[in-house]
Amino acid sequence: MTHNLGHPKDATIKEMFHKIKDDKKHGSHHAAHFMKNVKNQLRLIFWETTAGCNLECVHCRRLDVSKELMRDDLTTEQSFQLIDNIASVGKPILVLSGGEPLFRPDIFDIAKYGVKKGLTLALATNGTSIDEAIAQKIVDSGIQRVSISFDGATSKTHDEFRKLPGSFDMALRGLKHLQKLGMSVQINSTIAKHNVHEIKQLYKNAVELGVHALHIFMLVPVGCGVEIADDQMLPPEQYEEVLNWFYDVSLEKKIETKATCAPHYFRIMRQRAKEDGIKITPKTHGMAAMTKGCLAGSSICFVSHKGEVFPCGYLPVEAGHILKQSFKDVWDNSEVFKNLRDPDLLLGKCGICEYKKVCEGCRARAYFEKGNYLEEEPYCIYEPIQTQKEKEEVTT
């Protein structure tokens, strides 16, 4: 039986969460419906506003980071046109990222224009340049959340990875300037070998700082990440351990948590909930009940500073170009996106996995490892039931 969700087609995950979180009778059904996103509603778009940045992070997705604005960054007028195009597709959350978005002198004009067009704006920054004045401009622009990246729980770990002494303390100051003005702040952290030993302290720091959320990102070998993959990628077994620990802390509900570039988490969440006899609902598992693993090309996408459109910031397979066609045309008609929206096209063990519709594996890691974004996720230790049965038949 289908229940009326009673929400506009462009409702954000936050809006839907608050609408259904206390619905004991149909909450689980509504969450699953929203998660499936059968109409491929665009819900989140990351826009690399510039490749310019004041840091040279070891794991950066870019190989050509500049200490100044790039000549091929979209102009202000082109940026406004992009926002017009995005608004014609829906009302997604638009994340202004980089590089370092605060490098752009027109970034607040862009943010205000996005808000005017009905979009929810967020800012992804390294936080080092946020003083009291910049914090006020961020708030006044209408941006609703700021994510600040910390790549370690200590200044030593963070600064070494970011290649700028004092960057940890500068980011911390920026975070506190925003908090004083009531801005919603989240901490983003890419987890790899250099900082996995600090992950518990990182979580403790986030809770004690009083930020709204902690989002962990599992390293994807793209850009500079390719160069450090052998040294920094966690082995699959440790990857699994980290995500199980993250599930445990999510149940504490001290802070909003989200595992990104970690599609296995949504398989683990279901395995663990089943073991504990818990039904997954927005009340029990928060917004994680309303989303799934790899969303590339189906619920999210990435626009480069040049205007190229990719499934996500880590999958370098171009789906279109906003200077050559409308964003709506790319979103609706890209062959790459159509492939990613069909889990039945997945290959290897991902293709036969009973969790494929809630996980799908990381398409960027598959591309790095196999050269095909539809191949199986290489950093997953789970064996699908079909594979287990086939092994049992061979041994008997």
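## Strands 1 and 8

Phe-46 stands opposite Phe-302 in strand 8. This is a predicted model. Strand 1 covers residues 44–48, and strand 8 covers residues 300–303. The two strands run parallel, joined by 4 bridges.

Helix 3 packs on the sheet here. It touches strand 1, strand 8 and strand 2, which spans 93–97. The direction of helix 3 makes about 170° with that of strand 1. Angles over 145 degrees count as roughly antiparallel, so helix 3 and strand 1 fall in that class.

## The whole sheet

How many strands form the open sheet, and in what order? There are 10, in the order 7-6-5-4-3-2-1-8-9-10. The pairing is mixed. Strand 7 (256–260) and strand 10 (320–321) are the edge strands. Each of them pairs on one side only.

Strand 2 and strand 3 pair in the parallel sense, over 4 bridges. Ile-93 has its bridge partner in strand 3: Thr-120. Strand 3 itself runs through residues 120–125. It is mostly covered, with 5 of its 6 residues buried.

## Helix 3 against helix 4

Two packed helices are described by the angle between their axes and the distance between the axes. Helix 3 takes in residues 76–89, and helix 4 takes in residues 107–116. They pack at an angle of about 25°, with their axes 10 Å apart. That makes helix 3 roughly parallel to helix 4, because angles under 35 degrees count as roughly parallel. The crossing of the two helices is right-handed.

Which residues meet at this contact? Helix 3 brings Ser-79, Phe-80, Ile-83 and Asp-84. Helix 4 brings Asp-109, Ile-110, Tyr-113 and Gly-114. These contact residues divide into 4 nonpolar, 2 polar and 2 charged. An α-helix has 3.6 residues a turn, so residues three or four places apart point the same way.

## Ser-189 in strand 5

Ser-189 is found in strand 5, residues 184–191. Is Ser-189 buried or exposed? Its relative accessible area is 1%, so Ser-189 is buried, as the cut-off for buried is under 20%.

Leave aside its neighbours within four places in sequence. Ser-189 is then in contact with Phe-150, Asp-151, Gly-152, Asn-195, Leu-202, His-215, Ile-216 and Phe-217. Ser-147 is 42 residues from Ser-189 in sequence. In space, their C-alpha atoms are 9.9 Å apart.

## Helix 6 and its end

Helix 6 spans residues 155–162. Its buried residues include Thr-157, His-158, Asp-159, Phe-161 and Arg-162.

Most residues other than glycine have a negative phi, and most peptide bonds are trans. Several places here depart from that pattern. A cis peptide bond joins Gly-98 and Gly-99, with omega about 25°. Gly-99 sits in the loop between strand 2 and helix 4.

Asn-40 has a positive phi, near 55°. It lies in the loop between helix 2 (27–36) and strand 1. At 21% relative accessibility, Asn-40 counts as partly exposed. Glu-360 also has a positive phi, about 70°. Its loop runs between helix 15 (348–352) and helix 16 (363–370). Glu-360 counts as buried, at 7% relative accessibility.

Conventions:
Residues are numbered from 1 along each chain as its sequence is written. This is a predicted model: local features need pLDDT of at least 70, side-chain atom pairs count only at pLDDT 80 or more; totals for chains, interfaces and linings use all residues. Side-chain values use heavy atoms; hydrogens and water are left out. Axes are lines fitted to C-alpha atoms, for helices over the stretch in contact, and angles run from 0 to 180 degrees between N-to-C directions. Angles under 35 degrees count as roughly parallel, over 145 as roughly antiparallel, 65 to 115 as roughly perpendicular and the rest as oblique. A crossing is left-handed if the near helix is turned anticlockwise from the far one by less than a right angle, and right-handed if clockwise. Contact means heavy atoms within 4.5 Å. Ala, Val, Leu, Ile, Met, Phe, Trp, Tyr, Cys and Pro count as nonpolar, Asp, Glu, Lys and Arg as charged, and the others, Gly among them, as polar. Buried means under 20% relative accessible area, exposed over 50%, partly exposed in between (1.4 Å probe, protein chains only). Two strands pair if DSSP finds at least two bridges between them.
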